[in-house]
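Please keep the sequence and the model at hand while reading.

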Amino acid sequence: MYVEIVGLNFRYRKSHDKIIKNFSLEISSGEIISVIGESGSGKSTILRLIAGLEIPESGIIKVKNRIMVDETTFINPEKRGIGMVFQDYALFPHKTVEGNIRFGLNALSSQKQKIRVEEVLHLVNLTAYKKRYPYELSGGQQQRVALARALAAKPALLLMDEPFSNLDRELQNKIRDELKILIKQTNTTTIFVTHDREDAKALADRIIILNKGEVVKTGEAKVALA
Ligand SMILES: Nc1ncnc2c1ncn2[C@@H]1O[C@H](COP(=O)(O)OP(=O)(O)O)[C@@H](O)[C@H]1O
Ligand SMILES: [Mg+2]
């Protein structure tokens, strides 16, 4: 399996309750998974655990046969090869579109960085906007910059937390379709979190329904949400 998550358990330091309970998930290469659940069900926490921003109490996470975390191993977030798009995009306000995308490509030579930035700008259709700052862009364009930044380093796994929640409905539908094409084009294995069943149906191959930190249902997206 491309991604293997086995028996994750987690609680935040200050909380008494277990937030994630025995969470397991296997993902094939190139698959798009959606984790659905109400607010507070633990969706963002799952992504934070996979990204390495939190440490599980127990459980194993493997990506491409590499152990990210288990009882004796913990790989730091920047070494995981995992790209993340946050709900608020988290763009650097003082950096241009180009500067935002370049960030995270430090390992490449300056010339290679330049080439890669051009490639992903082209991919998300923002070549003409590379000198602009985030505040000079629409919500949809900002979202595409965040996506371009995440894809620039060719992540082994892409995580997206409620990627459409800051967009108006009409734009959501358009971007959703574009995003699916882009993800499939680049064959990027993806987990995205949403509370919106329509988003999940339109984008995901498979869904996981989470309730109070527990998986209550999984299945092929169109069937499970019919
Ligand atoms: N840093 C934190 N410290 C303590 N509790 C937290 C923290 N972050 C989230 N929680 C709690 O963990 C639960 C799951 O939160 P979260 O993963 O953000 O849910 P979702 O993304 O599904 O809305 C909630 O009850 C939330 O209050
Ligand atoms: Mg959340």
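Ile61 stands opposite Val69 in β5, where strands are DSSP runs (E, at least two residues) and helices are DSSP runs (H or I, at least four residues), both numbered from the N terminus. This is a predicted model, in which local features need pLDDT of at least 70 and side-chain atom pairs count only at pLDDT 80 or more, while totals for chains, interfaces and linings use all residues. Residues are numbered from 1 along each chain as its sequence is written, chains are lettered from A and ligands numbered from 1 in the order in which they are written, and side-chain values use heavy atoms, with hydrogens and water left out.

**The four-stranded sheet**
- Strand β4 (residues 58-63) and β5 are paired in the antiparallel sense over three bridges, two strands being counted as a pair if DSSP finds at least two bridges between them.
- Both strands belong to an open, antiparallel sheet of four strands, ordered β2-β1-β4-β5.
- At the edges stand β2 (20-27) and β5 (66-69), each with a single partner strand, so one side of each has no neighbour in the sheet.
- Neighbouring strands of this sheet are turned by 20° against each other on average, direction ignored, with axes fitted as lines to C-alpha atoms and angles running from 0 to 180 degrees between N-to-C directions.

**The six-stranded sheet**
- Six strands in the order β6-β7-β8-β3-β9-β10 make up an open sheet with mixed pairing.
- Its edge strands are β6 and β10 (214-220), each of which pairs on one side only, and the twist averages 20° from one strand to the next.
- Strand β9 (residues 206-211) runs antiparallel to β10 and is joined to β10 by six bridges, with Ile209 standing opposite Lys217 in β10.

**Ligand 1**
- The residues around ligand 1 (those with a heavy atom within 4 Å of it) are Tyr12, Ile19, Glu38, Ser39, Gly40, Ser41, Gly42, Lys43, Ser44 and Thr45.
- A backbone N or O atom of Gly40 lies 2.7 Å from an oxygen atom of the ligand, and a backbone N or O atom of Ser41 lies 3.2 Å from an oxygen atom of the ligand.
- From Lys43, an N or O atom in the side chain is 2.8 Å from an oxygen atom of ligand 1.

**Strands and helix at the largest pocket**
- β6 (82-85) and α4 (139-152) each supply at least two residues of the lining of the largest pocket, a pocket being an open set of points on a 1 Å grid over the protein atoms alone where a 1.4 Å probe fits, with protein on both sides within 12 Å along at least five of seven lines, and lining residues having an atom within 4 Å of a point.
- β6 gives the most to this lining, with three residues.

Conventions: Polar contact = N/O pair within 3.5 Å; in protein donor to acceptor, adjacent residues only side chain to side chain.
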